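Keep the 3D view open as you read.

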Amino acid sequence: MKKVYCDISATTPIDDEVANLMLTIQKNVFGNPSSIHKYGQESHAIIEKSRLQIADSLGCHQEEIIFTGCGSESNNIALKGIINTDDHIISSSYEHPSVINVLRSLEKQGNSVTLIRPAADGKIDPESIKKNITKKTRMISIMLANNELGSINNINKIGNVAKENNIILHVDAVQCIGKIPINLNHLSIDMMSISAHKFYGPKGVGALFIRKGIDLNPILDGGGQELNLRPGTENIAGIAGLGLAMKKACQKLEENIEHIKSLEDRFVSLLSKNKINYILHTKDRLPGVLAIGFPEIDGQSLLIALDLKGVAVSFGSACSSGTTKASKILLDAGIDEKLAKSTLRISFGKIHTNDDIDYVADALSSIINRIKQ
Ligand code: PLP
């Protein structure tokens, strides 16, 4: 049976070149990057090369990147590191749990939080952010693109709101690397979280961009690694993998976007040709991320039937899967509960071919037609 993995937003398979580089490093390089001798220097050089690759790809300085264990950790370091008692934070109701749950615990410690709900287009309105600013607002944390809807927020405008009001802006860009261009040189972003496993890099390694001048308190105590913000001997192979994956994602960005958009077009036109009733929830979205509703069809059952045909998709995001409830993100975006329960997230990437798309569209159409009968 053919197998097609269409859950690129949950995680990506590792790129061959990245995996080979990591294997070579795992086998041959073991020095502690903090050691002064040549073994240590060799490891240190690998880490710095990766830092440079990331800085070059994102338009920032090498010293503005720290390595972390994942996107969730980057979000934790950014949010907990900047907030003092009594500060006010503005964020959105559809952030990843690694932001929302940090905000909940900050609230318990006496901070106040305002969560803006997405508008009907799946985006956070910069004007709503502006209206909620108070004298105590210290930080705005808004994701660049949403993990379920794929909707892309206007970070340029949100950055201007933050800058005009002297507020720190943190952006969770975990879903965006290799999908849309990001140039930190042109954006008023103060901190930005990324995670390697979302762009064909390894799992268990992420990074945080911290603009020069932003002073964070460490959330973990230990050695002085990563600007004193992420103690522990570094994951050398993982960090090297992250750097190479980032370089590859950004070098071929335009080519990949074009390829993925053509796959998307092929997919929806096949569904239309097969007379499948579907609703695409987001117009202006990340390439390849489809939040797609199939009215009158139960999303969970559809997911399982597709899995039996070798097609992997998701119902909600990976972190909320396993639940039969309608996705809170879809409900927040104004989608009614029935339609939300009929909605799947199907995500395509550079790995897919026209044959894959034809297989997925056929599998989906035959399942839906069978259910209807
Ligand atoms: N932020 C967003 C928007 C995500 O989609 C995810 C992962 O799904 C994360 C953060 C967490 O990343 P990680 O799995 O590397 O902790």
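How many cavities of 30 Å³ or more does a search of the whole structure find? The search turns up three. A cavity here is a set of points, on a 1 Å grid over the protein atoms alone, where a 1.4 Å probe fits but cannot get out. Points are joined across faces, edges and corners, and a volume is the space filled by probe spheres set on them.

Before going on, a word on what you're looking at: this is a predicted model, where local features need pLDDT of at least 70, side-chain atom pairs count only at pLDDT 80 or more, and totals for chains, interfaces and linings use all residues. Residues are numbered from 1 along each chain as its sequence is written, and side-chain values use heavy atoms, with hydrogens and water left out.

Back to the largest cavity, then, which has a volume of about 130 Å³. Its lining is made up of 14 residues (those with an atom within 4 Å of a point), and I177, G178, Y200, I260 and K350 are the ones nearest its centre. Sorted by class, the lining has seven nonpolar, four polar and three charged residues; Ala, Val, Leu, Ile, Met, Phe, Trp, Tyr, Cys and Pro count as nonpolar, Asp, Glu, Lys and Arg as charged, and the others, Gly among them, as polar. Look again at two of those central residues: K350 lies over the face of Y200, 4.4 Å from the ring centre. For that label, NZ of Lys or CZ of Arg must be within 6 Å of the ring centre and within 35 degrees of the ring normal.

Next, the aromatic pairs, of which the whole structure has two. Rings of Phe, Tyr and Trp (its six-membered ring) pair if their centres lie within 6.5 Å; planes under 30 degrees apart are stacked, over 60 edge-to-face, and the rest tilted. F30 and Y39 make a tilted pair, 5.4 Å centre to centre with 45° between the planes. F30 is exposed at 63% relative accessible area, while Y39 is partly exposed at 49%. (Buried means under 20%, exposed over 50%, partly exposed in between, with a 1.4 Å probe and protein chains only.) The other pair is F267 with F348: the centres are 5.2 Å apart and the planes at 70°, so this one is edge-to-face. F267 sits in helix α8 (residues 253-273) and F348 in the loop between β12 (343-347) and α12 (354-372), so the pair ties together parts 81 residues apart in sequence. F267 is buried at 0%, and F348 is buried too, at 1%.

Now zoom out. The chain has twelve helices and twelve strands, taken as DSSP runs numbered from the N terminus (helices H or I, at least four residues; strands E, at least two). Its radius of gyration is 21 Å, close to the 21 Å that the globule rule gives for 373 residues, so the chain is as compact as a globular protein of that length. That radius is taken over C-alpha atoms, and the rule is 2.2 Å times the number of residues to the power 0.38. Of the 373 residues, 57% count as buried.

Most residues other than glycine have a negative phi. D86, in the loop between α3 (71-82) and β3 (88-92), has a positive phi near 80°. E296, in the loop between β10 (289-293) and α9 (299-308), has a positive phi near 75°.

Methods
1 Å grid on protein atoms, 1.4 Å probe; cavity = no way out; pocket = protein on both sides within 12 Å on 5 of 7 lines; lining within 4 Å.
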